[in-house]
Amino acid sequence: MRVFSTRHRDVGLGYVAISLVAVAVGMLLSLVMRLHLTWPDWSLPLHGPVLPEEYLAIVTMHGTLMLFFVLTVAPLSGFGNLILPAQIGTRRMAFPRLNALGMWTMWLALVAALAAFFVPGGAPIGGWTAYPPLSESPLAGPGQGAGMDLWMASIALFCVAGTMNAVITLTTIVKRRCEGMTWERLPLTVWAWFTAALLSVPAFSVLLAALVLLFCDRHLHSGFFVPGQEWINGVMIEHRGDGSPLLWLHLFWFFGHPEVYIAILPGMGLVSMVIANFARRRVFAYRLMIATTLLIGLLGIVVWGHHMFVAGLNPFAGTVFSVASLAIALPSSAKVLSWLVTAWGSRAPGGQRKPMATPMLYALGFVSFFITGGLTGPVLAQPILDEYLHNTFFVIAHFHLIMSMAAIFGIFCAVHYWYPLVFRRQLSERLGRWHFWLTLLAAYGTFLPMYITGLGGEPRHYAQLNGIAGPGARLLALTMPLQRHITYSAVVLIAAQVLFFWNIQRTARGPKLTEENPWGATTLEWAPGAMDDEGPKVRVVREPCCYEQDGEGFVPQWAEPEAVSGIPIPLRGEAE
């Protein structure tokens, strides 16, 4: 791998490296948060007790790193660059120099975010949503000076890099598909990348514009997000104009809600193909799955207002956003139905290929998190319920299950499924299974109890839950046994990731595979020479997911009709 390479695979590995750095720091911060919430007097080694403002800074940076640099970068930019060209039969991404520039811009964004820890005042304390007026003035607290400026610079660079990658992804899919790769024959993974990139362009652009306006409020005394006059820590601040924090909420959540689907859609697409491949069946209702992917993307970008039910929305607007949010349950339910029906008919092949290999386990784990996290989505989409639950750990449980863990399991699924393709080596199945079960059980042990503590009124962003006066504190004290259980589970969850990295490190020294297509996959990235920059051109003659009745034989997208003439499989859209 060359450092300044423009090859799409090197760029993709660069994006994956960004996510690895961010996830390591993000997990460490989450561990500090959990230990502090459970034992507030605990001292951080080499630092001492965690102060309330430091706890808020840790919350802010944990959310920023995990949401922007892990859940967005790895599925869309990382695996998109690594696999997408081969999956549509091209040798490179569109605009390779711009593609490499986007990756290095993302590295700059990550460095700027991490640098916020080391400036006077430390990292920002306003949360990853950066609501004004707390984010608007350096007087608002420690970390809101240089730390906040670095945070804004980081997210602005992220938006620029993300937009570049989205435009490149869209151009590659539209213009560089190989012969025979019609829209109907595109794997669902490509449809998911396509839809996520469509969402990224407007979402990142709006967030970038909002950041520019916030910069003007902070340093040029404009008043886009704050009133003409405000008192902060006893100091009168004058602004030109008379703005409102509600404008920031509209602009931020116009980015924030599509961001959920930008993170999870690639996982949805991959899981559909992996379940079909290991079940040895076509994806149930393939065209419907394409339609639901596009519909989720469309609805995802028009429901930002359901994050603002407690912010003073017009009741009519609240009803519209509520109905639109509830409507997302329809395509989401259709996807779950398709995954379950496809997996239900799993055929046990007669050869050595196992239907429950590690990638399949992670795919089913993705589905389980999507269900357990998604079932509470309609609850939060109703204004009257959201009013009580909005700033509680109920919301934390909801989005950590459906967005974080589902998306993370999608990433694990991608690593195990495509590792033989990229590195010609196969990860250990035994270590993979241990990692899967420990991670699955620890994740549920961590996040499911948060539904209960949230219903009990546990608020977000509180540095300490016990030792406070008042009846509310007595209620929260009842949740402390669950807090300890959550923290123990979180420790196991983080420790289990050692198995994953050990598996990768151990496999890197192992022998290379002799089999080019160990999973018996039908999609184009597994065609001989498809991953080579100078390999032979490939041609697509059918849809993906064509398998024989015995579950062992399969018909790849690239196999010519005369080569499979003896296999009685009806193929819609097959070339004449």
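N233 is found in the loop between strand 3 and strand 4, where helices (H or I, at least four residues) and strands (E, at least two) are DSSP runs numbered from the N terminus. This is a predicted model, in which local features need pLDDT of at least 70 and side-chain atom pairs count only at pLDDT 80 or more, while totals for chains, interfaces and linings use all residues. Residues are numbered from 1 along each chain as its sequence is written, and side-chain values use heavy atoms, with hydrogens and water left out.

**The hairpin and other backbone features**

Although N233 is not a glycine, it has a positive phi of about 50°. Because its relative accessibility is 62%, N233 counts as exposed; here buried means under 20% relative accessible area, exposed over 50%, and partly exposed in between, with a 1.4 Å probe and protein chains only. The two strands on either side of this turn form a hairpin with two residues between them. Strand 3 and strand 4 (residues 235-238) pair in the antiparallel sense over four bridges, pairing being assigned if DSSP finds at least two bridges between two strands. Within this arrangement, W231 stands opposite M236 in strand 4.

In a regular strand the side chains alternate between the two faces of the sheet.

C545 is another residue that has a positive phi, of about 70°, although it is not a glycine. C545 is found in the loop between helix 16 (480-507) and strand 5 (546-547), and because its relative accessibility is 1%, C545 counts as buried. A further backbone feature is the peptide bond from P132 to P133, which is cis, with omega near 10°; P133 lies in the loop between helix 3 (96-115) and helix 4 (146-175).

Helix 10 (residues 358-374) has 17 residues and reaches 24 Å from its first C-alpha to its last, close to the 24 Å expected at 1.5 Å a residue, the expected span being 1.5 Å times one less than the number of residues. Twelve of the 17 residues of helix 10 are buried, so this helix is largely enclosed by the rest of the structure. Among the buried residues are P359, Y362, F366, F369 and F370. What covers the buried residues of helix 10 includes helix 6 (245-279), helix 9 (329-344), helix 13 (393-423) and helix 14 (429-455), contact meaning heavy atoms within 4.5 Å.

Helix 9 has 16 residues and reaches 22 Å from its first C-alpha to its last, close to the 22 Å expected at 1.5 Å a residue. Its buried residues include P331, K335, W339 and T342, and the cover over the buried residues of helix 9 includes helix 6, helix 7 (286-300), helix 8 (315-327) and helix 10.

L67 is found in helix 2 and, because its relative accessibility is 10%, counts as buried. Leaving aside neighbours within four places in sequence, L67 is in contact with T72, W128, E259 and M403. The C-alpha atoms of L67 and E259 are separated by 8.5 Å, although these residues are 192 apart along the chain.

**Cavities and a pocket**

The structure holds three cavities of 30 Å³ or more. On a 1 Å grid over the protein atoms alone, a cavity is a set of points where a 1.4 Å probe fits but cannot get out, and a pocket is an open set with protein on both sides within 12 Å along at least five of seven lines; lining residues have an atom within 4 Å of a point. Grid points are joined across faces, edges and corners, and a volume is the space filled by probe spheres set on the points.

| Space | Volume | Lining |
|---|---|---|
| Second largest pocket | About 530 Å³ | 18 residues |
| Largest cavity | About 100 Å³ | 15 residues |
| Second largest cavity | About 60 Å³ | 13 residues |

Nearest the centre of the largest cavity lie P75, P266, G267, G410 and A414, and its lining has twelve nonpolar, three polar and no charged residues; Ala, Val, Leu, Ile, Met, Phe, Trp, Tyr, Cys and Pro count as nonpolar, Asp, Glu, Lys and Arg as charged, and the others, Gly among them, as polar. In the second largest cavity, helix 6 gives the largest share of the lining, three residues.
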